[in-house]
Amino acid sequence: MTRWLGAGLLIAAAPLAQAQRPDQIPAFKSAVDVVRLDVSVLRNGNPVRGLTAADFVVTDNGVQQVVDSVVVDQLPLSVQLVLDASGSVVGNRLTHLLAAADGLVAALRPGESAGLLIFSHRLRPIAPITNDLGSVRSGLAAITGEGLTALRDAVQFALAADHAAGARPLTLVFTDGVDTASWLSDEEVLESARRAGTVIHAVSVGSRQISPTRFVERLVETAAGRLWSARSESDLARLFTSALDEMRARYLLSFAAQRPVRPGWHELRVRLKNRGADITARPGYFVAQ
Amino acid sequence: MTAALIDLAHAAGGASLRVRLLAWAALAWMLIPRPGLAQGYRQYLALLDGYASGEATEAATALAAWSDDRVRAAVRALERELLTVADGEGLVRTAVMLHTEAAFVEDADGRESFHLKVARSLVGRLLGNPRVGPAVRDFAARWHAQAAAQYCIRNDPLRARLEVNRGLTVDRNHPYVNLVAGALVEYGVVQEEPNPRGTWNIDGQRAYNLKNRLHQAALTYRGITANHPDFYEARLRLGWVLALNDSLDNGREQLEMVASRAPRADLSYLAHMFLGSLDERANRPAEAARAYEAARAAGAFQSSLIALMRIAGAHGEHERVRALAGEISDGAAADREDPWIGYRICVTGGELLNGLRGEAQRR
C-alpha cells in the first residue's frame, strides 16, 4: 500500500510510473514510499547535462540512499503563478509583468498546467491549476494594480494549490516590494514552504527599499528554487522564460525511503560523485506523524 | 438659509427623507440667480448642502473636480458670508469635512494638500473665535486626527505626523489624536521591520531604537486608557505593541479585555487574531486555532482564513486547507475590508470619520 508522506514531496509510486515511459522509469515495488527531489545542477551558471543515477549521491538524515531514477524534462510541469499586483506595480511595470506571464504560459507544452494568483493586500485567485491555459492567459488580461503587498500570505495560499498528480509543481512568484500587509510572518511561511515540496522560483524587480528580497531569498533557498533579479521591467519576460528553462533542465531524482519511515524532518544532501557543481535541491522533507 | 431649513426640519422631528427633500428644495432655491451671489459660490453652497443632506461622496467627488482657483474664490465668498449668518459654525464644519473628503477621493490624487489646506484654514477659523467652546476644540482635534490617519493611509507619514502635532496643540490629551500618534509609530516600525510578528530582520542599534519606539507608543496608549478605560481601540493597540515588545502577559491581559468587552466586531476580530498570535508564539497551536476561529466568527476576513490555513497545513489537514482556500477563492473574504489591513495603515474602523461626518451633517 502506498501512502503520502509530508505534503507532496513523497509520492505514491503508481502515479509517477504512469506518467513516464516504461522503458525509462524503473518499476517501483508496491508498498514503497518514494521520495522525489528536483535538483538543479549548474557549472559556471550553465546546466550540466547527461548525468545518470550513478552520478548522484543522496543522503537522508546522513544515510546514503540508492537513487532509483533520474529523469530530465519528461514529466509535465504544473506552474502556479503568484503575481504582485499591488499599487507599486502599475503602468509600464504591470504591462511588462503581464506580457512576461503570458509568455510563460504560452511556452508551456500540451499536457502541462498553470494557475494564476494575483495579490495586493487582497488575494485574488484568478484561475486554479488547469490544463486550459487559455483561461489563465485571458485571466491575465483583466489585472490592474492597487493596494498594499501581502506577499507572505500569497505564498502560503499558493502552497495549497492542487497540482496534477504526476506533474512537477513549480511556484513562480513575482514581487517588486516589501511585504506591508501580510498576517503571516516570514518564519511561518518558510516552515510551510519547507513542508510543501514545491519548487519556488522568484522574480523581483529593482526595489528602492532594504531587503525586500530577504524573505524571498530565504524562501527560494528553502524551496530549492532561485531568485531572478530584474534590472528593469523589460527584463521580466526574459527572466520568466529563464525560470521555466531552468526548471526543464532540472533532474528529478527518486529514491525509496527506508522503512520504517521516521516522522519529522528529514535532512537531505545531494552531491555529485567525483565532480564539482553548484547543486540546488530541497534541504529536506517532512513526514507527518 | 438652507442650513436653517434643515435645522428646522430636524427640530420638527422630520424623517431623513423629509430632511433631504427640504435640503434639495433649498438647493434649488440656492441655484436661482440672485444679484450679488456669484454662480460659483451658489454651486459651492449647493455642494455643502448636498454634503449636509447625506450625499457626502457625490459632493466630495464633485468638489474634487473643481480647479484650485474656483475653490479659492468660493471659499473667499463663504468667509465673507460667515460674517453675516447666524449658523456660521455649522456651515464651517460642513465645509471642513467636504474639503477633507474631497482631498481623498480617488480622482483627487496629488491634490490632498490643497483641499486639506483649505479645510485646515477653516478649522483655524473655528478655533479663532474668541468664544470657542470645548465642543469646537474637540471637533478640531478629531479633525486633525482624521487628516493624519488619511495621510497615513496614503503612505505619507511625514504629513501625518505634522497633522498629529497640530492636533496636539489643540488638545495634547485628546484620545483620538494620541491614538493616531501611536498608530503612526506602529506604522513607522513596520516600514523598517516588515516581519514584526516573527524574527526581526534588523538587529543591533536599529532594533533597539524600534523597541524604544514601541515602548513610547505603549506609553501613549496607556495614557489614553488611563483617562478613557472604555476606549477599546487604544486598549487593542496597547495590547499589540506590548506583545510585539515581548511584554506578553501584559499584552494578553489587554487583548483579552478587548476580546470580551469591545462593542465593535472589528476590534473583537483583531483582539482574537492577536491572541492567536500570542498562542502561536507560545507554541500552543490548538489554542491559536481556537483564537483564529473566534476571530473568524466575528468576521470571516482573509487574515483569519490564511492563519487557519497555515495551522491546518502544518497538521497535514489537507481537506481543511482546501476548504479554507475555497473560502478565499470565492472572493467574498477579499472583498470585505479586513480590519488587519486597516490596523496596519492607522485605521481601526470608521468611528472617527463617521463622527466628524455626522457633526458636519448636523446643521
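**Helix H4 of chain A**

I began with H4 of chain A, which lies across S7 (77-84), S8, S9 and S10 (168-175) of chain A. H4(A) runs at about 160° to S7(A). My angles run from 0 to 180 degrees between N-to-C directions, with axes fitted to C-alpha atoms, for helices over the stretch in contact. Helices (H or I, at least four residues) and strands (E, at least two) are DSSP runs, numbered from the N terminus. I note that this is a predicted model, where local features need pLDDT of at least 70 and side-chain atom pairs count only at pLDDT 80 or more, while totals for chains, interfaces and linings use all residues. Residues are numbered from 1 along each chain as its sequence is written, and chains are lettered from A and ligands numbered from 1 in the order in which they are written.

**The six-stranded sheet**

Next I traced the open sheet of six strands in chain A, in the order S9-S8-S7-S10-S11-S12. Its pairing is mixed. Two strands pair if DSSP finds at least two bridges between them. S9 and S12 (227-230) of chain A are the edge strands, each pairing on one side only. The twist averages 15° from one strand to the next.

I then looked at one pair in detail. S8 (residues 113-119) and S9 of chain A pair in the antiparallel sense, over five bridges. A:Leu117 stands opposite A:Pro125 in S9(A).

**Where chain A meets chain B**

How many residues of each chain are in contact? I found 26 residues of chain A against 24 residues of chain B. Contact here is C-beta atoms, placed from the backbone, within 7 Å. On the chain A side, S9 (123-130), H4 (151-158) and H5 (186-196) each supply at least two residues. H5(A) gives the most, with five residues. By class, this side of chain A has 11 nonpolar, six polar and nine charged residues. Ala, Val, Leu, Ile, Met, Phe, Trp, Tyr, Cys and Pro count as nonpolar, Asp, Glu, Lys and Arg as charged, and the others, Gly among them, as polar.

**Two domains in chain A**

I looked up the domain assignment of chain A: domain 1 (10-73 + 252-287) and domain 2 (81-247). The bounds come from an automatic or database assignment. The contact takes 13 residues from domain 1 and 11 residues from domain 2 of chain A. On the domain 1 side, H1 (13-19), S2 (34-43) and S16 (284-287) of chain A each supply at least two residues. H1(A) has the largest share, four residues. This domain 1 side has eight nonpolar, three polar and two charged residues.

S13 of chain A (residues 251-256) pairs with S2(A) in the antiparallel sense over six bridges. A:Leu37 stands opposite A:Leu253 there. S6 of chain A (residues 67-72) also pairs with S13(A) in the antiparallel sense, over five bridges. In that pair A:Val72 stands opposite A:Tyr251.

I turned to chain B, with 20 helices and zero strands. Buried residues make up 45% of its 363 residues. Buried means 20 or more other C-beta atoms within 10 Å of the residue's own, with C-beta atoms placed from the backbone. Among chain B contacts between residues at least 6 apart in sequence, 58% join residues at least 24 apart.

Which residues have the most contacts inside the largest nonpolar core? I found B:Val180 and B:Leu184, in a core of 180 residues. Such a core is a set of buried Ala, Val, Leu, Ile, Met, Phe, Trp, Tyr and Cys residues joined through C-beta atoms within 7 Å. Not counting residues up to four places away in sequence, B:Leu184 touches B:Ala148, B:Cys152, B:Pro157, B:Ala160, B:Arg161, B:Val164 and B:Cys346.

Notes. A residue is buried if 20 or more other C-beta atoms lie within 10 Å of its own, exposed if 12 or fewer, and partly exposed in between; C-beta atoms are placed from the backbone. Two residues are in contact if their C-beta atoms, placed from the backbone, lie within 7 Å.
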